[in-house]
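Please open the structure in a viewer and keep the selection tool at hand.

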Amino acid sequence: MGDGLYTSHPAFTNWSKGHYGGRSLLSEYWYNYRRVDPDLRDIVMCIEVASSSTGAEYNYLPVMKSEPELKSSVSIGGSDSSARSFSFELPNELVDASALLKSGRMLAGVAEVSLQYDGGDYDNRLVVMRGEMDSGVSFFPANGGTMQFSITDPKASLDLILPPYTITRQLFPFAPIESAGLRYPIILNDYNMVPCSWIKGTATTQHLLIGHGALETDSSDYLWVDGEPYSSVDATYGWTVATSSDPNGVTYTYVQFTHNPSTEYKESVYIPILKGQSRKNPVEQIRYLLRNYTAFDDKDVNSQRFSAAVGHLSGVVCSALVNSGSGNDTTTLGFIEGGICASFPMLSMAWMMGGYGPVVVDRNAAKIGLKLNSKAHPIMARATAVQEKAKNELYNSFTVEYQFNAMDNIYEEVVQADRSTNAVCNISAQQIGLRQHDTIQCPFIKDDNTAQQVLDWLVLHLALPSYYVEYECVASVFFSVALGDNLSLTDEDFGWEDLDATVVSLSYKSGKVVLGLQVWSPHYSNIGGSYAAYPRV
């Protein structure tokens with residue numbers, strides 16, 4: 001949590017991290033148990049409720065009226081995460097509601113849902129969710145009554161406005177009134193044109209805030225004033241860049257006019273930034289934002305999924321500008337999902353076993369080595385019919401705009417794929433006719449290679465039919481796969497043999513797992529992305 005600005009419920013810090021499960025996360029303790037009970041028939045779901053006041057008092061509740069379904073999923077090409085919510089009904093005698101009310105406490109606190117086997121070690125429980133009781137608590141008389149509540153992933157409570165730092169006249173008494181309420185921008189990696197905000201305008205000193213933190217610029221580059229470029233040694237608009245701290249100790253970088261040319265302090269000023277916060281990779285940038293601008297800590301994020309996603313997207317580059325200008329009140333998760341992930345459609349965020357984390361859906365990514373057969377263990381039965389992807393969700397004409405110029409509010413580059421330039425799009429058009437996808441605008445992509453990767457992904461995943469199907473499996477599958485994993489699927493009822501499939505849904509209830517797979521058509525597996533582009537004449 002950055003600078004100690006954000007605090008979460010005290011129970012979250014009191015709970016030990018524990019083990020979360022998911023692929024590659026099992027401890028020796030659970031490996032040994034799986035050898036004894038490979039189908040995990042004796043696994044038990046438990047709930048631990050923490051006091052709303054201090055987090056120091058707990059009620060461990062291995063008894064509940066009905067066991068909820070634990071489900072995580074992603075939508076292909078969709079970036080918004082869906083917080084899980086589970087409803088519980090417990091015997092009232094397990095929680096003395098009256099005593100809590102008399103002591104002035106709020107019933108709705110936080111809770112932890114975990115899996116363990118009967119008689120197992122509490123410290124080795126598998127934590128599947130730590131959530132908030134945000135929607136209130138209903139309770140009946142103690143004798144024979146019940147307490148009813150729901151637990152929701154802490155998407156609302158841990159997510160906060162980004163960034164928290166705002167220009168005020170108290171912090172900057174010589175700032176023009178037009179700057180009041182503007183936020184300190186955050187620059188991730190680098191950014192071509194960052195708008196600057198006036199924070200000091202006098203006849204002798206003229207400063208404009210560039211962004212939060214220590215930022216690097218190139219003194220040989222140009223600064224732009226009202227659309228005109230000026231070098232750092234210009235006779236009128238000469239400038240230097242420096243780093244300082246506001247009265248609250250928050251570091252920021254600013255530009256100073258060396259000759260004080262302004263009289264109204266309203267010029268529109270833009271400057272290129274060579275190095276901002278975080279690194280180039282969008283997944284690493286997401287982790288940086290969660291660590292520094294939310295109440296998330298290591299217990300709330302799925303570190304394994306972050307590591308896997310960084311590996312999948314090692315070749316893509318993100319250059320982002322966060323919350324520059326007035327009226328920007330996006331939250332951190334809102335920017336991650338609606339900003340960064342929107343520029344990288346193969347990247348989604350999800351709440352899952354192990355906490356909040358990224359999921360990369362890529363049919364070309366390496367498989368995990370698991371081969372499933374619908375007639376063999378660990379699959380018990382097909383749970384649904386096979387659903388072919390709807391034609392209104394298929395496209396064969398794609399446009400990606402990138403290299404955004406913030407000063408002129410235009411995209412300076414574009415890449416396209418359609419039936420005349422791409423073999424996959426041509427096959428799609430022959431099957432379903434011309435279907436144009438909405439233009440994908442990527443304000444945080446500036447290099448050609450990354451833009452081409454986005455275009456290739458759109459073609460490979462949205463141009464041709466794929467199929468969704470669910471299988472009911474033994475519980476141990478819950479520990480063998482994770483969202484975004486690629487595997488081989490055989491289902492002889494459909495003539496499928498070792499087809500590529502991606503895990504897009506994973507749910508657990510009462511010792512059984514339902515696995516949702518997106519199955520990719522085998523007929524076009526050798527045609528892909530830019531390799532399918534026709535030679536340009």
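The model is predicted.

**Stop 1**

The structure contains 14 salt bridges. Select E337 and K155, whose side chains form one of them, with an N to O distance of 3.5 Å. E337 belongs to helix α7 (residues 332-343) and K155 to helix α4 (residues 155-158), so the pair links distant parts of the chain, 182 residues apart. Is E337 buried or exposed? E337 counts as buried, because its relative accessibility is 3% and buried means under 20%.

Next, select D493 and K375. Their side chains meet in a salt bridge, N to O, at 3.1 Å. D493 is placed in the loop between β28 (486-491) and β29 (496-509), and K375 in the loop between β21 (367-373) and β22 (379-382), so the bridge ties together parts lying 118 residues apart in sequence. D493 has a relative accessible area of 46% and is partly exposed.

**Stop 2: a salt bridge between two strands**

Now select K512 and E472. These residues form a salt bridge in which the closest N and O atoms are 3.8 Å apart. The pair links distant parts of the chain, with K512 in strand β30 (residues 512-520) and E472 in strand β27 (residues 466-474), 40 residues apart. K512 counts as partly exposed at 40% relative accessibility, and E472 is partly exposed with a relative accessible area of 24%.

**Stop 3: two cis peptide bonds**

Select L162 and P163 and display the backbone. The peptide bond joining these residues is cis, with omega about -15°. P163 is located in the loop between α4 and β9.

Then move to H377 and P378, which are also joined by a cis peptide bond, here with omega about 15°. The loop between β21 and β22 holds P378.

**Stop 4: positive phi angles**

Select N189, in the loop between β9 (186-188) and β10 (191-195). Although N189 is not a glycine, its phi is positive, at about 75°. What does the side chain of N189 contact? It makes a polar contact of 3.2 Å with the side chain of S319. N189 is buried, because its relative accessible area of 8% falls under 20%.

Select S278 next, in the loop between β17 (269-273) and α5 (282-293). S278 is not a glycine, yet its phi is positive, at about 60°. S278 is partly exposed, with a relative accessible area of 26%.

**Stop 5: a negative surface patch**

Finally, switch to a surface display and select D408, E412, E413 and D448. Together, these residues form a negative surface patch. Which strand contains E413? E413 is found in strand β25, which spans residues 410-417. With a relative accessible area of 33%, E413 is partly exposed.

Methods
Residues numbered from 1 in each chain as written. Predicted model: local features only at pLDDT ≥ 70, side-chain atom pairs only at ≥ 80, totals over all residues. Heavy atoms only, no water. Patch = residues over 30% accessible without salt bridge, like charges linked within 9 Å, V, L, I, M, F, W, Y side chains within 5 Å. Areas by Shrake-Rupley, 256 points an atom, 1.4 Å probe, with all protein chains shown as cover. Salt bridge = Lys/Arg side-chain N within 4 Å of Asp/Glu carboxyl O. Lys, Arg positive; Asp, Glu negative; His and termini not counted. Charge placed at Lys NZ, Arg CZ, Asp CG, Glu CD. Helix = DSSP H or I, 4+ residues; strand = E, 2+ residues; numbered from the N terminus. Buried < 20%, exposed > 50% of the residue type's maximum accessible area, 1.4 Å probe, protein only. Polar contact = N/O pair within 3.5 Å; in protein donor to acceptor, adjacent residues only side chain to side chain.
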